[in-house]
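Welcome, and thanks for taking a look. Here is a short briefing on aromatic pairs and on one helix, to read alongside the structure.

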Amino acid sequence: NYRAALFDMDGTLFNTKRGIVKALRMAIEEYGLEPLKESQEEQFIGPPIQKSIEKFYKISEERSIECADLFRKYYREKNYVLECDLYDGMRECLETLQGKGIKLGVASLKKDDMVRRICDNYDITKYFDSIHGTDARDSLSKADIIHICMNDLKITDDSRLVMIGDTVFDALGARKAGVPFLGVSYGFGFRSIEDLDEYPNIGLASMPSEIIELII
């Protein structure tokens, strides 16, 4: 029933934890903040990094932006941005959906240049008709990015597009954009279908192959 599907990046297309954690640890140490416990690190994957830093450390917006700028410096310059893994079965999932005539896009809160760089490096750009992250000022919401992708894909009927993601940020973005949402439990957020109870959704996929079953 769907003409198009949008994928979140961190925790949905890729396990990006390895590179993000390396850059985050370096930024936190240089900025003089208390080191994170390993169990705390995953909450920084997905949302805009400065928002997570501000919330966790309870520091000002200005200071959180300064720390986030350090993170992005290391993430780019040390090529940590490319230290990630395409989830097992994801390439086959994308090939199958594309083969069924479903238009595909990436809608991420990661910086736009980073999203494109990762897709190019792992040779999956060819599957997508639209790829967008947030802008340099982090002024775009998830719903904004969804709408930009919809415009690229020429989808005017909200019910014919599904947003796929692993966290509440994806679910909230889909709800605000007025599009159906499909959760995944193999990423950094959702673990059970009950986690989706407060968000309109079409189900929860535990692996990429289940994404195909739920949207075709």
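A search of the whole structure, which is a predicted model, turns up 7 aromatic pairs.

**Aromatic rings**

- F44 and F56 pair edge-to-face, with 5.6 Å centre to centre and 65° between the planes.
- This pair links distant parts of the chain: F44 sits in the loop between α1 (17-31) and α2 (49-57), while F56 belongs to helix α2, and the two are 12 residues apart.
- F44 has 2% relative accessibility, so it counts as buried.
- F56 has 27% relative accessibility and therefore counts as partly exposed.
- F56 also forms an aromatic pair with Y57, again edge-to-face, at 4.9 Å centre to centre and 80° between the planes.
- Y57 is buried, because its relative accessible area of 15% falls under the 20% cut-off.
- Taken together, F44, F56 and Y57 are linked by ring pairs into a cluster.

- Helix α7 spans residues 168-177, and its buried residues are D170, A171, G173, A174 and A177.
- These residues cover an arc of only 165° around the axis, so they lie on the same side of α7.
- Which elements cover the buried residues of α7? Among them are α6 (142-153), β6 (161-165) and β7 (181-184).
- Just after α7 comes G178, which takes a positive phi of about 80°.

Conventions: Residues are numbered from 1 along each chain as its sequence is written. This is a predicted model: local features need pLDDT of at least 70, side-chain atom pairs count only at pLDDT 80 or more; totals for chains, interfaces and linings use all residues. Side-chain values use heavy atoms; hydrogens and water are left out. Rings of Phe, Tyr and Trp (its six-membered ring) pair if their centres lie within 6.5 Å; planes under 30 degrees apart count as stacked, over 60 as edge-to-face and the rest as tilted. Helices (H or I, at least four residues) and strands (E, at least two) are DSSP runs, numbered from the N terminus. Buried means under 20% relative accessible area, exposed over 50%, partly exposed in between (1.4 Å probe, protein chains only). The arc is that of the directions from the helix axis to the C-beta atoms. Contact means heavy atoms within 4.5 Å.
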